[in-house]
Amino acid sequence: MDLDPEGLFRDDSDSESEFYREKDSTKEFVVYLVDASPKMFGAARSDEDEKPETHFHAAINCISQSLMAQIIGRSYDEVAVCFFNTKEKKNLQDLNGVYVFNVMDRECLDRPTARLIKELSYVEDRFMSNIGSRYGIVSGSRENSLYNALWVAQALLRKGSAKSVSKRILLFTNEDDPFGSITGATKTDMIRMTLQRAKDTQDLGISIELLPLSWPDEEFNVSIFYAELLGLEGDDISQFLPSAGEILEDMTDQLRKRMFKKRKVKTIRFSIANDICIEVNTYALIRPTSPGQIMWLDSVTNLPLKTERSFICADTGALVQEPHTYFHPYKNEIIKFSMDELSKIKNISDGQLHLLGFKPLDCLKDYHNLRPSTFIFPTDEEIVGSTRIFIALHRSMLRFQRFALAFYGSLYHPQLVALVAQDEITSSSGQVEPPGMHMIYLPYSDDIRHVEELHMAVDANAPRATDDQIKKASALSRRIDLKDFSVCQFANPALQRHYGILQALALGEDEMPEIKDETLPDEEGLSRPGIVRALQEFKISVYGENHDQEEANTAAAKGSGSEASRKRKAMAETAARESASYDWADLAENGKLKDLTVVELKYYLTAHNLPVTGKKEALISRILTHLGK
């Protein structure tokens with residue numbers, strides 16, 4: 001097999017791909033527990049022109065929106081939807097009052113699909129006829145649907161280790177006192193059993209989160225029962241409802257974006273001196289978002305296609321079954337390579353971080369940061385004492401205002417890096433920024449493009465802004481300056497539209513979701529008198545008093561047509577007139593087109609708006625194709 005000479009040192013994997021890999025440690029298993037009691041179907045709020053909205057509808061809409069965002073942002077997470085306080089039962093434990101909602105070709109706890117989202121969004125219309133609603137905790141009965149629901153949710157989250165997978169139960173209800181209809185020892189016993197079931201679930205590493213749905217005139221009282229179930233005490237109880245409300249709002253109004261966890265990417269060795277070496281973990285902080293990769297599907301079954309590659313012998317046409325041999329021609333010789341030799345050629349570094357020295361921070365320029373930096377933090381898992389040495393180095397760099405210059409020997413792209421120490425930032429609510437170092441990838445010399453001079457001649461008069469123009473420009477800049485600007489305030493409209501189209505196709509929606517382009521100019525803000533006045537003064541200082549009239553004259557001249565356009569129109573009329581004097585069909589039928597000159601052939605092409613470039617054979621072929629010969 002021939003070896004591509006330009007690809008000899010080609011990367012086998014993208015240098016950034018390590019930051020995008022989904023691993024089990026980033027997975028999250030979620031069970032949505034939705035109360036289906038008759039109280040959830042009461043009108044929570046009503047508008048005069050719209051159908052009354054129920055708490056059950058709000059919960060289903062919240063889950064549907066969350067699943068849509070999850071397919072884009074966290075596609076490897078697995079979810080299950082479970083209703084309790086139902087007439088029908090559907091669960092592996094055969095417990096009363098619990099119904100696990102699912103669709104065909106999907107496990108109860110699995111990755112969300114378009115079919116699941118679509119059928120869940122319409123479940124309210126058929127809920128009463130197919131599943132039914134009833135109070136599962138009533139006086140004179142030993143049934144405890146909340147207890148059963150926690151049991152079923154715990155069983156659904158049985159797969160996967162709690163050490164590598166985050167497991168959660170999200171409980172939607174508007175009933176703050178689920179045992180209010182019973183009294184006496186029965187109530188005490190049922191509360192005790194439910195709290196014990198919740199404690200057993202949490203002991204298995206499963207967190208339980210409550211999303212309360214309040215009535216307009218009645219606030220959800222978490223202190224009655226759920227505070228003890230969730231383990232809330234003191235100030236946590238008063239702060240619970242506002243935080244839960246924010247979670248609900250975030251779930252229903254999520255931005256379509258991919259979410260990358262602040263997780264450890266990998267562990268590398270940091271060689272400080274000849275005999276001192278520590279270990280650090282690397283973390284990806286900010287990465288650009290791009291659409292997902294294209295997946296080829298079968299046109300009939302709609303299943304993903306598997307790509308297979310076979311090699312055919314050029315001499316015999318038979319399939320090559322033997323191991324492939326890689327070679328490269330060099331000076332009339334065939335140089336063969338084994339896979340081990342190729343691996344050694346590509347492995348030009350040991351993958352460690354080597355300290356070279358220190359430099360003042362002012363030597364590091366903004367344009368040195370070519371791509372997103374990586375955050376490093378020490379670890380004592382393999383080398384004990386790494387944290388202590390790292391702290392000493394970190395404090396010294398902060399004290400002397402230095403950054404460390406190091407060589408990062410990544411397997412496929414070794415380069416110099418700058419290690420910039422970051423001090424810890426705290427506030428009254430806790431830690432805002434952790435201490436550590438940012439690894440900034442420094443450019444090679446050919447990565448830096450120098451500024452090109454516009455006017456190369458020594459005696460050229462370069463235009464310079466006057467003091468008045470500078471003053472007017474500064475006033476305009478101050479007027480339109482964005483306060484507390486951050487790039488995170490604006491969503492990428494192209495990505496939002498891309499995900500909106502995917503959503504419409506997957507769910508079979510007739511209309512694409514409305515996408516708000518936040519990058520468009522703020523017309524209302526720019527129309528304020530102060531900004532309009534500053535903009536007008538700037539235009540007058542640069543273009544003069546009569547710039548509006550000059551622009552109008554220019555537009556009128558363009559509308560009347562330029563000299564070049566008039567020449568093109570005259571040439572087209574001439575070509576049409578000359579082309580009409582030939583019987584092109586007869587010439588093509590008898591093969592006489594080759595007897596015409598290039599100029600004559602171009603008459604036909606110009607008259608029919610066809611390209612006129614190429615040699616005579618290309619022109620004849622183009623005419624024959626147009627005539628259908």
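This is a predicted model: local features need pLDDT of at least 70, side-chain atom pairs count only at pLDDT 80 or more; totals for chains, interfaces and linings use all residues.
Residues are numbered from 1 along each chain as its sequence is written, and side-chain values use heavy atoms, with hydrogens and water left out.

An open sheet of mixed pairing is formed by five strands in the order β5-β4-β1-β6-β7. Strands (E, at least two residues) and helices (H or I, at least four) are DSSP runs numbered from the N terminus, and two strands pair if DSSP finds at least two bridges between them. β5 (98-101) and β7 (206-212) are the edge strands, each pairing on one side only. From one strand to the next, the twist averages 20 degrees. Strand β1 (residues 28-35) pairs with strand β6 (residues 166-173) in the parallel sense over seven bridges; V30 stands opposite R168 in β6.

Helix α5 (residues 184-203) lies across β6 and β7 and runs at about 125 degrees to β7. Axes are lines fitted to C-alpha atoms, for helices over the stretch in contact (heavy atoms within 4.5 Å), and angles run from 0 to 180 degrees between N-to-C directions.

On a 1 Å grid over the protein atoms alone, a cavity is a set of points where a 1.4 Å probe fits but cannot get out. Lining residues have an atom within 4 Å of a point; for the largest cavity they are K39, N174, D176, L213, S214, W215, E218, E219 and F220.

How values were computed: On a 1 Å grid over the protein atoms alone, a cavity is a set of points where a 1.4 Å probe fits but cannot get out, and a pocket is an open set with protein on both sides within 12 Å along at least five of seven lines; lining residues have an atom within 4 Å of a point.
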